[in-house]
Amino acid sequence: MFESIVEKIPDMGKSYHQETLLRQAARNRPFVEKSIRDLPKRSGPKQASCIIVSAGPSVRRKKSIRRIKASQYQGSIIAVDGAYVACLEEGLFPDFVMAMDPHPTRVVRWFGDPNLEKNSVNDDYFKRQDLDVEFRNNATEKNQRNIDWVNRYACRSNVIACTVLHTETVVARMHEAKFPLYWWNPLVDDPENKNSLTKQLYDINPVACLNTGGTVGNAAWVFAHDILQIPSIALVGMDYGYYGDTPIEQTQTYYELKDHVEKEEDLKKCFISYTFPLTGERFYTDPTYFWYRQNLLELLEGSKSVTVNCTEGGTLIDDRVPAISLDQYLKDFSNG
Amino acid sequence: MKKNISVLKGNFQAKKDVLPKTLNEKEEGDLSEKVKKRALASLGGSMVYMERKKRTWDGNV
């Protein structure tokens, strides 16, 4: 059951999302000015190492961002969109903020949503995310605070913007906040193939294409590795799963899995467990996160950089990305 | 306005009986298959990932 769902995801995704991606790319065409290839050159500690801050549940539980800030780490910080405000909360200003997803109402929330009430109707997606526990208790006030913070600090981070972001909500919000934007296309299939979607996207917006690995955290790794060419990369908040005490109803694709399986009891077969070696804690994953995890491991094949997993939990347990404590990494790079 | 609508709700008799549409076996099967497929398509998130050989590409076919 688990494997069969994972196997079907790529093909189904292409036919389902192709039209949306092409439509969004065309709408963004007037705004695509600078490519990620136009980013200013970096040197010293900023080029020696980086930390990718993703938005998995460990970020809050392990206080990862607070610890990075306290260490006065001098390397580059790449935050995924969902972790950006959490960084601002701790006074950590990412060098880069990675944004990829074309969703019309969910992504804008990460930058403070001017239409939060309208965009939240019938959508409990955020209620199923650990990073959001405080937000859900005081949504209107926190959202306004996020809008103010993002407006104030946008000039300190470069947004690494995918050409398929939603124009009227996300791109408009980024312009309003005055983020510097550097664009990229998603490399979703072989551009040399006939009718390649990647080639079609490139023809609309001729900027560099990045392999996404299906999710923004994986795309952030490709950006760090292949565009910034940083030799030492640490991953934080890349859980690819859930803490053992998370009810399955709170997992991100619970409703989709429920719709997909024949019987209620089959739902349990859609999850598999892991024990994290550094702590002995139990985690579990669903087909989606397992697929993302597999994709990252594939992307890591032939990597020229050293990538370490400083998430301190989750299901990314593999020799290609050794797990070390965040404190160890921060100590190793304390002098750049 | 809200108050008025709640007063109007269900306080009249329609001239014709309105029955919910019942699906035949084939229609039910098609619908169920459609829901399963849509669920599967959205499981991968909003992004496609098919390419495994290249990490970047700059238009140089």
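This report covers the fold of chain A and its interface with chain B in a predicted model.

Residues are numbered from 1 along each chain as its sequence is written, and chains are lettered from A in the order in which they are written. Local features need pLDDT of at least 70, and side-chain atom pairs count only at pLDDT 80 or more, while totals for chains, interfaces and linings use all residues.

**Chain A overall**

Chain A holds 14 helices and eleven strands. These are DSSP runs, numbered from the N terminus: helices are H or I with at least four residues, strands are E with at least two. The C-alpha atoms fill a box of roughly 50 × 45 × 45 Å along the principal axes.

Of the 336 residues, 47% count as buried (20 or more other C-beta atoms within 10 Å of the residue's own, with C-beta atoms placed from the backbone). Among contacts in chain A between residues at least 6 apart in sequence, 70% join residues at least 24 apart. A contact means C-beta atoms, placed from the backbone, within 7 Å.

**The interface**

In total, 44 residues of chain A are in contact with 25 residues of chain B. Helix H1 (2–28) of chain A supplies the largest share of the chain A side, nine residues. By class, that side has 21 nonpolar, 13 polar and ten charged residues. Ala, Val, Leu, Ile, Met, Phe, Trp, Tyr, Cys and Pro count as nonpolar, Asp, Glu, Lys and Arg as charged, and the others, Gly among them, as polar.

**Strand pairs**

Strands pair if DSSP finds at least two bridges between them. One pair joins the two chains; another lies within chain A.

| Strands | Sense | Bridges | Bridge partners |
|---|---|---|---|
| E6(A) and E1(B) | antiparallel | two bridges | A:Cys209 and B:Trp57 |
| E9(A) and E10(A) | antiparallel | four bridges | A:Ile272 and A:Thr285 |

E9(A) and E10(A) form a hairpin with six residues between them. In its turn, A:Gly280 has a positive phi of about 75°.

**A helix pair**

The axes of H11(A) and H13(A) come within 10 Å and cross at roughly 10°. The two helices are therefore roughly parallel (angles under 35 degrees). Axes are lines fitted to C-alpha atoms over the stretch in contact, and angles run from 0 to 180 degrees between N-to-C directions. H11(A) contributes A:Asn218, A:Trp221 and A:Val222 to the contact, and H13(A) contributes A:Tyr292, A:Asn295, A:Leu296 and A:Leu299. Five of these residues are nonpolar, two are polar and none is charged.

Definitions and conventions:
Contact = placed C-beta atoms within 7 Å. Buried ≥ 20, exposed ≤ 12 C-beta atoms within 10 Å, placed from the backbone. Parallel < 35°, antiparallel > 145°, perpendicular 65-115°, else oblique.
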